[in-house]
Amino acid sequence: MDFHLIIVGAGPAGLCLARALRDSGLRICLIEQQSLDALQHPAFDGREIALTQHSAALLRSLGLWPLLGDANIAPLKDALVIDGGVGTRQSRMTISHALSTQPELGFLVANHHIRRAAFEAAMAEGPGQPTLRCGEQVTRIQTDAHSAQLTLSSGETLTSALVVAADSRHSSTRRAMGIAADMHDHGRTMLVCNMTHALPHHETAWEWFDHGQTLALLPMNPCPQTGLPRSSVVLTLPSQALQPLMDLPEDAFNREMTQRFGGLLGPMTLASTRHAYPLVGVWARRLVAQRFAVVGDAAVGMHPVTAHGFNLGLRSIEALSGALIRAQQRGQDIASPELLARYQRTHQRASRGLYMATHALATLYTSEQTPARVLRQVLVQAGERFTPFKRLVAGSLTGLR
């Protein structure tokens, strides 16, 4: 065969899988439709990733952590949940790092920095360096008991023992293998950007369920140019209501966001480009097929309300890479039905409860119906008073429970 393993998609998930397998002795090929320059120098896309302590440990083991750069890693000490609008009856729940065993709940790193570090770690010259095919798309995939065959847009055909799809929650490779996925379009769009503000964020992440909008604030390191506090700001609105904000002149946008945050951070100033993403949750009904598996968002695409999307993707990398390394060391088939079935059970067990809870939470906290408003106020108030629950949430946020 041409390769032991072909990974479709050289995003963070595909690159992290390739890096995890570099010392395994497996011949690996990465197929990516983007250009080499886009992979080496990924552009800012607005997304800031909240990493759990467990994910940070995984990135350290893969050699990505020092490549991120200390200036690009911001600590997340505490989390604040707010329900209700300014001037109305609000409920608040604070999750402190003191409830966990760690000095912080997690870390915040921009997605483009993770992509850059993952590329550098996976593609560093030396033994085990994967083969990279850029500017290519998979036009056909078929598998049998002995191998997998992929036809590329260039007309070339490649064979391998196993194919892994890491090509986003809308994976065309997953679909081509006949794996159905349940998709939930929340009918809302997320605007993300970086903003500086006059008042400190105290390294606290906010999740604010206001009336008619959801606001999130992820604390970043101070702005290197001005020294002002800086945060990643996330505004979620019904899709048709978001575009006018994207089109506002910068001064008007600053005033609008300052008002939407109720002036709690003082005057706010745009410090990056603005980006919009529709909110669509995805649950692949199966994670494997004959000589085929899915990882990352191709397996489970999470709503960002609980900030577990990329963290869950890393767990899929951890589970699959461990199984492949053990099989290779024992001289076993890396795509045996038994191995793939174990991977599916492991990752579905790790993700099903979290996916369903996140979906329920997102549905409850975006509803404007009176019963939903009352229920979520009650839940936040009860959570604030019940320390064992907050300790459980803190453990979940660190990824260590």
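In which strand is T139 found? T139 belongs to strand β9, which covers residues 138-143; helices (H or I, at least four residues) and strands (E, at least two) are DSSP runs, numbered from the N terminus. The structure is a predicted model, in which local features need pLDDT of at least 70 and side-chain atom pairs count only at pLDDT 80 or more, while totals for chains, interfaces and linings use all residues. Residues are numbered from 1 along each chain as its sequence is written, and side-chain values use heavy atoms, with hydrogens and water left out.

T139 is exposed, with a relative accessible area of 52%; buried means under 20% relative accessible area, exposed over 50%, and partly exposed in between (1.4 Å probe, protein chains only). Leaving aside neighbours within four places in sequence, T139 is in contact with T151, L152 and S153, where contact means heavy atoms within 4.5 Å. Between the C-alpha atoms of T139 and A166 the separation is 16 Å, and these residues are 27 apart along the chain.

The interior may be considered next. In soluble globular proteins, nonpolar side chains tend to be buried together. A nonpolar core is a set of buried Ala, Val, Leu, Ile, Met, Phe, Trp, Tyr and Cys residues joined through side-chain atoms within 4.5 Å. The largest such core here has 78 residues, and I6 and F292 have the most contacts inside it. Helix α9 (residues 309-329) gives the most to this core, contributing eight residues. Not counting residues up to four places away in sequence, F292 touches I141, L162, V163, A165, T173, R174, M177, I179, L287 and L340. Another core, of 21 residues, lies apart from the largest one and has M195, L235, L245 and L265 among its members.

Aromatic rings form a further part of the picture. A pair of aromatic rings is described by the distance of the centres and the angle of the planes. Rings of Phe, Tyr and Trp (its six-membered ring) pair if their centres lie within 6.5 Å; planes under 30 degrees apart count as stacked, over 60 as edge-to-face and the rest as tilted. By this rule the count comes to five aromatic pairs. One of them joins W65 and F107, whose ring centres are 5.3 Å apart and whose planes stand at 75°, so the pair is edge-to-face. Since W65 lies in helix α4 (residues 65-68) and F107 in strand β7 (residues 106-110), the pair ties together parts that are 42 residues apart in sequence. Both W65 and F107 are buried.

A further pair is formed by W208 and F261: the ring centres are 6.3 Å apart and the planes at 70°, so this pair too is edge-to-face. W208 lies in strand β13 (residues 204-210) and F261 in the loop between α8 (250-260) and β16 (268-270), so the pair ties together parts that are 53 residues apart in sequence. W208 is buried, with a relative accessible area of 0%, and F261 counts as buried at 1%. Ring pairs link W206, W208 and F261 into a cluster.

Charged side chains also meet rings. A charge sits over a ring if NZ of Lys or CZ of Arg is within 6 Å of the ring centre and within 35 degrees of the ring normal. R60 lies over the face of W65, at 4.6 Å from the ring centre, and R274 over that of F253, at 4.5 Å.
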